[in-house]
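Student: Could we go through this model together and check what the labels on it rest on?
Tutor: Gladly, let's take a look.

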Amino acid sequence: MTAGHLNDVVRQFTAGTAGELIHARELLEARRLLMHTELSVSEIAYRLGYKDPSYFARVFRKSTGQAPADFRAAIRETCRAGVGREG
């Protein structure tokens, strides 16, 4: 299957390209690893296939508006604030 054909098929079912779909899935996995593991940002970058952790951090920041470490701290603070709430 050519890249063009793959993009055509992906566009039939989503609003984007195959590359955009892969990037979105990669960011979802990065967020999951940041939330649920104690892996360092560098370890997460390598696990996701990045050869340069600083490049991963730039890509993550561009996509989310936060550095990976800041995302982790914010999400954990949000979770801690939610513990003990009645609802």
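**Labels and their cut-offs**

Tutor: D70 lies in helix α5, a helix being a DSSP run of H or I with at least four residues, numbered from the N terminus. The model is predicted, so local features need pLDDT of at least 70 and side-chain atom pairs pLDDT 80 or more, while totals for chains, interfaces and linings use all residues. Residues are numbered from 1 along each chain as its sequence is written, and side-chain values use heavy atoms, without hydrogens and water.

Student: Why does D70 count as partly exposed?
Tutor: Buried means under 20% relative accessible area and exposed over 50%, with partly exposed in between (1.4 Å probe, protein chains only). D70 has 44% relative accessibility, so it counts as partly exposed.

Student: What makes α2 oblique to α5?
Tutor: Their axes, lines fitted to C-alpha atoms over the stretch in contact, with angles from 0 to 180 degrees between N-to-C directions, come within 9 Å and cross at roughly 55°. Angles under 35 degrees are roughly parallel, over 145 roughly antiparallel, 65 to 115 roughly perpendicular and the rest oblique. That is why α2 is called oblique to α5.

Student: Which residues of α2 meet α5?
Tutor: R31, L33, L34 and M35 in α2 meet P68, F71, R72, I75 and R76 in α5, where contact means heavy atoms within 4.5 Å.

Student: Leaving aside neighbours within four places in sequence, what is Y50 in contact with?
Tutor: With that exclusion, Y50 is in contact with E26, A45, Y55, F56 and V59.

Note on methods:
Helix = DSSP H or I, 4+ residues; strand = E, 2+ residues; numbered from the N terminus.
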